[in-house]
Amino acid sequence: MFRTALRNVLAHKARLLMTVIAVMLGVAFVSGTLVFTNTISQAYQNSSAKGFDHVDVVIQPENDDDATGRPGDAPRLTQELLEQAGQVPGAASATGTVSGFAAIADKDGKLVGEGWDSRGANYYPGKDGEDVRYPMKDGKAPQGENEIALDAKTADRAGYKVGDPVRMSIDGPVIEPKLSGVFTTDDGNVAAGGSLALFDTPTAQQLYAKPGEFSEIEVQAKSATSQAALKAEIDKILPKNEAEATTGKKLADDQAQEISDGMSGIRSTLLGFAGVSLFVGIFIIANTFTMLVAQRTKELALLRAVGASRRQVTRSVLFEALVVGTVAAITGLAAGVGIGAGLRGLMGSIGATVPDGPLVFTTGTVITALLVGVVVTMLAAWLPGRRAAKIPPVAAMSSVHATASTKSLVVRNSIGAVFAAAGVAGVLGGTTMGGDGKELMGLGAVLLLIGVFVLTPLLSRPLIAAVAPVMRLFGVSGKLARQNSVRNPRRTAATASALMIGLTLITGMTVIAGSVQKSIDKMATEALSADYFVSMANYTPLSTDVEKQLAQADGVTATTPLRTSPAHIKGENETLTGVNAQTIGKLTKLDFAQGSFDAMGGDKIVVDSDTAEDHGWKNGSEFTVTYEDGEKGTLRVAGVYEGNEMINGIMLDKDTLAPHQREVTDMQLMLKTADGASPAAKDALKKELGNNPAILVQDKKDVSEAIAQVFTLLLNMLYGLLAMAVIVAVLGVINTLAMSVFERSQEIGMLRAIGLDRRGIKRMVRMESLVISLFGGVLGIGLGVFFGWAVGELIASALSTYELVVPWGRMSVFLAMAAVVGVLAALWPARRAAKLNMLAAIKAE
Amino acid sequence: MTTTPLAHQATAVAARATDLSKVYGQGETQVVALDQVTVDFEQARLTAIMGPSGSGKSTLMHCVAGLDSFSSGSVRIGDTELGSLKDKQLTKLRRDKIGFIFQAFNLLPTLTAAENITLPMDIAGRKPDKQWMAQVIEMVGLSGRLSHRPSELSGGQQQRVAVARALASKPDIIFGDEPTGNLDSRSGAEVLGFLRNSVRELGQTVVMVTHDPVAAAYADRVVFLADGRIVDELREPTADGVLDRMKRFDAKGRTS
């Protein structure tokens with residue numbers, strides 16, 4: 001039996017080609033993902049492990065604010081502790097570090113790197129006067145307020161040479177210290193593309209902490225002392241509840257764990273999309289094997305007639321699948337390694353700096369890839385295999401084999417209807433349940449998708465019949481194409497379903513993303529009347545000088561800071577937002593249910609309705625608050641407003657809050673100009689701030705565009721990933737058409753003989769392809785919009801301004817795409833059909 | 001029985017092959033399917049081409065019908081020389097001037113009987129001649145079954161649809177490739193009767209390839225092929241007469 005099966009595979013090489021490619025692509029996606037994520041996470045782990053080379057024990061402040069009774073205040077480490085730590089038995093030396101944000105501008109005034117990975121720290125010379133972590137490549141270590149050192153990559157990117165003034169900013173104002181030296185480092189942040197600026201320790205302390213305080217102490221052990229032993233010694237000297245010691249190994253392990261956790265998220269996402277592709281591939285495999293079995297009916301019946309058991313027949317089909325799956329998996333694996341390497345290169349070319357490292361290719365990857373390829377293929381071939389076993393031996397004698405009975409379609413339709421109905425009910429039920437409807441909706445969506453898939457053969461007839469008038473315009477080719485497309489409804493359905501799945505996901509995502517984007521725009525324009533928003537590039541606190549400076553600038557009519565401060569209210573953590581009580585009313589357009597901003601000031605505050613409801617407050621309610629400095633105070637509610645995701649929580653006058661703040665800084669400024677937002681006004685503001693690289697000046701459009709950018713990027717990535725599923729679906733269409741052409745070669749030969757020219761034949765195949773693709777497209781887009789709407793209902797319960805936006809433009813693009821898919825998929829089968837040798841075709845059989 | 005020279009014809013010629021040769025392969029493996037065949041097919045006549053298998057009878061028909069290319073010589077349908085035509089022109093010629101009947105019926109299963117019959121006109125984008133259609137359908141006796149699909153018709157009925165399809169566009173000449181090969185003798189007789197009627201009553205020209213002497217007996221004239229050459233012909237044949245000739249070729253074939 002196995003020899004027969006193997007011969008069959010070889011005999012049908014060409015017809016199995018699309019199946020092999022489909023499985024291969026899926027496997028390549030899976031193995032590519034594994035290779036890529038393994039490689040990247042290995043590289044990051046290596047670089048982070050290197051970063052801990054010089055560290056045996058780290059002392060960090062304990063970040064438990066409740067223990068000190070002062071909200072949000074982390075204790076810092078003192079010079080005294082540093083000296084003690086350096087002298088415990090087994091300690092070779094101790095290094096104190098302070099670090100924070102440091103924006104470096106290049107020569108054009110642009111920020112180097114991203115806001116979040118622009119760091120500054122202190123250069124801590126050891127006994128020999130050098131800091132082992134930062135070997136100087138050029139120049140010397142920074143000394144005094146007016147010198148800094150930069151890591152080599154950053155200096156290189158920004159074009160600074162030793163001796164140049166470096167344009168930079170820590171918390172707002174621009175400073176221009178001299179570049180004293182350039183160093184190299186194993187710091188993980190720098191390896192990943194961030195920038196690092198070093199000051200001498202007193203300057204760094206001045207900037208990031210308080211004189212004599214450190215944010216971290218690193219202790220190096222003597223060569224005979226283990227990290228654990230050193231930690232035990234250090235634990236003895238640590239002040240209780242204020243600091244804790246961790247070994248360097250644990251920190252490295254934790255970071256490695258963090259990296260691999262982060263990677264596993266990416267990996268699961270990518271594998272999810274690979275799963276979609278493979279799932280789509282299943283349809284192609286099942287189609288191909290169904291056809292192969294149908295074509296071999298006589299042969300299989302003969303095998304049965306001469307004594308092969310049903311199980312042997314099924315097994316022979318499955319064995320064919322095994323061979324096909326193995327070949328596809330092996331080629332897919334090879335392609336996957338290429339993809340993994342290519343992806344890393346791609347990331348490098350789009351500017352994301354990835355640490356170097358060898359390509360990681362594990363046995364796990366090999367086994368997963370092979371298993372996935374083989375299992376998927378055999379799973380898909382299982383049903384055709386069972387059908388093959390059902391062929392009666394007598395079929396060997398008769399010329400026609402009974403096709404699938406109508407009864408089985410009745411059963412199929414009933415099952416499909418039940419699934420679809422349950423699915424719709426689940427999704428609709430989910431929309432009424434607000435945030436709790438997620439599971440129900442997910443279940444409903446899966447059921448509906450299955451239901452629609454099961455029902456596609458039934459749906460294909462009316463839907464395709466609906467286009468008959470259009471098809472008639474294309475004469476006899478159009479008419480024949482339409483009829484051919486519904487001739488084998490199961491096959492058409494499986495082919496269209498493959499395309500449907502991809503388009504459902506794509507459309508659903510587009511609907512959701514577009515709607516959320518719109519709601520954010522609305523939020524920005526409706527709730528705020530400020531023209532500009534000013535913040536640090538990395539959204540760290542901004543010096544209060546910035547507001548003072550801008551308030552006096554020409555054309556600025558009103559400003560307010562937004563100062564956030566942690567607080568305890570009735571034992572719960574809340575955030576207080578300090579604003580300018582006089583101007584906030586001019587800068588926002590909030591709906592007040594009770595009271596207004598006018599009453600704000602002193603102990604009178606305003607609060608959003610959700611928070612008010614949580615605490616049972618209304619206008620005039622009094623409550624006790626514990627400020628971040630630990631002092632208690634009484635505040636009174638003077639207004640309740642409708643909050644949104646941009647403005648919410650408790651707002652009070654900044655002057656009430658300031659005395660309790662450890663450091664008075666602004667998170668953000670809002671300001672209004674006399675003439676509204678304009679490029680000139682924005683430039684003027686930027687100029688007023690000295691074209692500072694660290695400060696972001698955004699108008700409303702910038703704010704919503706920044707958010708839109710995130711969405712667009714996300715959406716484009718999803719499109720890219722789903723494109724894979726669409727490509728597999730295209731293979732499916734090609735496969736189905738090739739099968740149709742092959743099966744109908746006699747008809748095609750006859751049509752040619754009685755006078756249909758090659759163009760007519762080509763057009764017929766193309767139209768059939770178009771019909772199938774558009775059918776899948778319409779189903780997919782329809783389902784996608786429905787799912788998008790349903791998920792939107794869930795989002796709406798959390799996002800007050802949510803509004804469904806049906807992306808008609810995009811949808812027509814998708815439909816056009818489905819049409820293009822149809823035309824492209826038909827290229828090769830149509831050519832084949834047109835080239836068919838008429839006589840051979842007519843004589844066949 | 002007399003063997004009249006092929007060139008001597010009383011009636012007009014619908015199709016003519018002159019020194020027609022068809023050679024497959026090259027060198028040692030070369031096979032000559034047709035060897036300088038010259039033959040006329042007269043208008044309003046039913047001509048049968050006979051010969052043992054491998055004699056080249058189907059090849060001759062395919063070449064004359066514009067379905068296959070030939071190596072040398074010339075083929076004319078009416079005034080059109082086929083040798084100089086491109087595929088596109090050949091297709092058009094087949095569509096407008098030629099009708100076909102195949103052994104395996106070759107109907108489109110998705111179309112009804114009526115749609116199958118008008119298919120050549122649909123392809124050409126022409127409206128069928130209603131009166132002619134009625135006449136043809138009446139003749140083949142399909143009036144009650146026009147809306148049936150091929151799968152709902154018997155083999156004989158399917159071939160009648162095929163005959164009607166071949167006649168529908170009033171072609172200059174109809175070629176049949178073993179038109180009764182897949183039919184039982186009664187259905188076969190019916191189909192042959194229609195073909196003969198279409199010649200006698202409707203004035204059509206029919207050329208058919210067959211290896212069945214009974215079928216050949218319906219023809220006005222039988223042309224015998226052996227080893228790619230015309231070896232004999234018979235006018236007003238009877239089944240016995242044809243069988244008799246065939247036996248002679250077979251015997252010759254065996255002894256040679």
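This is a predicted model: local features need pLDDT of at least 70, side-chain atom pairs count only at pLDDT 80 or more; totals for chains, interfaces and linings use all residues.

Reader: Thanks! Which are the buried residues of H24(A)?

Author: Helix H24 of chain A spans residues 745-753 and is mostly covered, with 8 of its 9 residues buried. A residue counts as buried if 20 or more other C-beta atoms lie within 10 Å of its own. The buried ones are Ser745(A), Glu747(A), Ile748(A), Gly749(A), Met750(A), Leu751(A), Arg752(A) and Ala753(A).

Reader: What do the buried residues of H24(A) pack against?

Author: The cover comes from both chains. Just after the helix, Gly755(A) takes a positive phi of about 115°. From chain B, the buried residues of H24(A) meet H2 and strand S6 (98-101). From chain A, they pack against H23, helix H25 (758-796), H26 and helix H27 (838-843).

Reader: Which element gives the largest share of the side of chain B that touches chain A?

Author: The contact takes 21 residues from chain B and 19 residues from chain A. On the chain B side, the elements that give two or more residues are helix H2 (87-97) and helix H3 (113-124). By class, that side has 9 nonpolar, 5 polar and 7 charged residues. The largest share, 6 residues, comes from H2(B).

Reader: How many residues of H3(B) are buried, and what covers them?

Author: The buried residues of H3(B) include Ala113(B), Glu115(B) and Asn116(B). Gly125(B), which follows the helix, has a positive phi near 75°. What covers the buried residues includes helix H16 (475-485) and H25 of chain A, together with H2 and helix H5 (155-168) of chain B. As for the number, H3(B) is mostly covered, and its buried residues come to 10 of 12.

Reader: What is the radius of gyration of chain B, and what would a compact globule have?

Author: Chain B has 8 helices and 10 strands. Its C-alpha atoms fill a box of roughly 55 × 40 × 40 Å along the principal axes, and buried residues make up 47% of its 256 residues. Among its contacts with a separation of 6 or more, 71% join residues 24 or more positions apart. For 256 residues a compact globule would have a radius of gyration near 18 Å, so chain B agrees with that, at 18 Å.

Reader: Back to chain A: is H17(A) roughly parallel or roughly antiparallel to H23(A)?

Author: Two packed helices are described by the angle between their axes and the distance between the axes. The axes of helix H17 (residues 489-527) and helix H23 (residues 700-743) of chain A come within 9 Å and cross at roughly 175°. Angles over 145 degrees count as roughly antiparallel, so H17(A) is, relative to H23(A), roughly antiparallel.

Reader: How do the residues of that contact of H17(A) with H23(A) divide by class?

Author: Let us keep to the helix pair whose axes cross at roughly 175°. The residues of the contact of H17(A) with H23(A) divide into 23 nonpolar, 8 polar and 3 charged.

Reader: Is Ala818(A) buried or exposed?

Author: Ala818(A) sits in helix H26 (residues 808-835) of chain A. Leaving aside neighbours within four places in sequence, Ala818(A) is in contact with Leu499(A), Leu503(A), Ser773(A), Leu774(A), Gly776(A) and Gly777(A). The C-alpha atoms of Ala818(A) and Val778(A) are separated by 8.7 Å, though the two are 40 residues apart along the chain. Because 28 other C-beta atoms lie within 10 Å, Ala818(A) is buried.

Reader: And where does Asp117(A) stand, with how many other C-beta atoms within 10 Å?

Author: Asp117(A) lies in the loop between strand S5 (103-104) and strand S6 (118-123) of chain A. Not counting residues up to four places away in sequence, Asp117(A) touches Asn189(A), Ala192(A), Gly193(A) and Gly194(A). With 17 other C-beta atoms within 10 Å, Asp117(A) is partly exposed.

Technical notes: Residues are numbered from 1 along each chain as its sequence is written. Chains are lettered from A and ligands numbered from 1 in the order in which they are written. Helices (H or I, at least four residues) and strands (E, at least two) are DSSP runs, numbered from the N terminus. Two residues are in contact if their C-beta atoms, placed from the backbone, lie within 7 Å. The radius of gyration is taken over C-alpha atoms; the globule rule is 2.2 Å times the number of residues to the power 0.38. Axes are lines fitted to C-alpha atoms, for helices over the stretch in contact, and angles run from 0 to 180 degrees between N-to-C directions. Angles under 35 degrees count as roughly parallel, over 145 as roughly antiparallel, 65 to 115 as roughly perpendicular and the rest as oblique. Ala, Val, Leu, Ile, Met, Phe, Trp, Tyr, Cys and Pro count as nonpolar, Asp, Glu, Lys and Arg as charged, and the others, Gly among them, as polar.
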